[in-house]
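Here is a brief report on sheets, aromatic pairs and salt bridges. Please look over the sequence and the structure first.

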Amino acid sequence: MKTTIKIALFIALSSFSLMAFSQTNGTLTFTATTINQQGTYNPNNIMAIWITNSTGTFVKTLKKMGLQRVQYLTQWRTNSGSNVTDAITGSTLSNHQTHTVSWNCKNVSQVVVPDGDYKVWIEFTDGDYQGPYTSFSWTKGPTSQTLTPTNSKLSGITLTWTPTPSSVSENNTNSSSLSVFPNPFSNTLNFKVGTSSENCIVDIFDLLGKKVAHLEQHSIFSADILTWDGCSMSGDLLKNGVYYYHVTVGKKNFSGKVLLSH
């Protein structure tokens, strides 16, 4: 009975949130031109562009320009914790200008984020104070989008989402070279690679894309099994829920989702 309930719960979660667990590959391109705000240092200015999900959780910084007075990029610093992993960075800009950035829909852990609604934020200032900031929403999924919103502090705003054809999947299937079982699991999750390699890496991520567990074995063989005990890298037992795995075996990569149910 307990097993039946777990399986039913997993099926219900998968059916209810198919779109949320899909991971469409593609590119978001954002363009905007900052407008002179007549600040003390005008036309010199500092700025940041970053991504959050629909609930405001930080995903990734795309661009941050400015080494001095960065404390006045208040919204960016509060939301990102000043994280500039893989972002375009540089010194203070000498003029207001057009910024064009692209995002491959990967978070700071290099994992493609689930489909759904996201926001691209931009903040800038040319004075010793917090300047204008705003966000623009768009939907990551299999349908392309081009948006041209308006804002009194910016000009030439364009958001273009271009999905990669045939890239949407539930990421819940096993490959002939990888078996992940049992799923759902309560105590241990097994990864049987089905092939030999010099190295095998298993990373586990939560729904926000944060890496919560890491397994690695050198000189792995086709009969070997790596086991995850449902604990974080610090040894704490993780909460029940859906987690993503990313497995690298030599030059092959596999990903999917599993349900932890103690």
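## Ground rules

Two strands pair if DSSP finds at least two bridges between them. Helices (H or I, at least four residues) and strands (E, at least two) are DSSP runs, numbered from the N terminus.

This is a predicted model: local features need pLDDT of at least 70, side-chain atom pairs count only at pLDDT 80 or more, and totals for chains, interfaces and linings use all residues. Residues are numbered from 1 along each chain as its sequence is written, and side-chain values use heavy atoms, with hydrogens and water left out.

## The sheet 5-1-9-8

Four strands make an open sheet in the order 5-1-9-8, with antiparallel pairing. Strand 5 (98-103) and strand 8 are its edge strands, and each pairs on one side only. The twist averages 5° from one strand to the next. Angles run from 0 to 180 degrees between N-to-C directions, and axes are lines fitted to C-alpha atoms, for helices over the stretch in contact.

Strand 1 pairs with strand 5 in the antiparallel sense over six bridges. Here L28 stands opposite W103 in strand 5. Eight bridges join strand 1 (residues 26-34) to strand 9 (residues 154-163), again antiparallel. F30 has L159 in strand 9 as its bridge partner. L159 is also the bridge partner of L147. Strand 8 (residues 145-147) and strand 9 run antiparallel and share three bridges. Six residues lie between strand 8 and strand 9, which form a hairpin.

## The sheet 13-12-15-16

Another open sheet has four strands in the order 13-12-15-16, paired antiparallel. Its edge strands are strand 13 (211-220) and strand 16 (252-260), each pairing on one side only. Neighbouring strands are turned by 15° against each other on average, direction ignored. Strand 12 (residues 197-205) and strand 15 (residues 241-249) pair over six bridges in the antiparallel sense. F205 stands opposite Y244 in strand 15.

## Aromatic pairs

The structure holds nine aromatic pairs. Rings of Phe, Tyr and Trp (its six-membered ring) pair if their centres lie within 6.5 Å; planes under 30 degrees apart count as stacked, over 60 as edge-to-face and the rest as tilted. Y118 and W138 form a tilted pair, 6.0 Å centre to centre with 35° between the planes. Y118 lies in strand 6 (residues 116-125) and W138 in strand 7 (residues 133-140), so the pair ties together parts that are 20 residues apart in sequence. Both are buried (under 20% relative accessible area; exposed is over 50%, partly exposed in between; 1.4 Å probe, protein chains only). W103, Y118, W138 and W161 form one aromatic cluster.

W228 and Y243 pair edge-to-face, at 6.1 Å centre to centre and 75° between the planes. W228 sits in strand 14 (residues 225-228) and Y243 in strand 15, 15 residues apart. W228 and Y243 are buried.

## Salt bridges

There are four salt bridges (a side-chain nitrogen of Lys or Arg within 4 Å of a carboxyl oxygen of Asp or Glu). One of them joins K60 to D86, with the closest N and O atoms 3.9 Å apart. K60 is in strand 3 (residues 58-65), while D86 is in the loop between helix 3 (74-80) and strand 4 (88-90), 26 residues apart. K60 counts as buried at 5% relative accessibility. D86 counts as exposed at 52%.

D115 and K140 meet in a salt bridge at 2.6 Å, N to O. D115 and K140 are both buried. D203 and K211 meet at 3.7 Å, N to O. D203 is buried, with a relative accessible area of 11%, and K211 is partly exposed at 31%.
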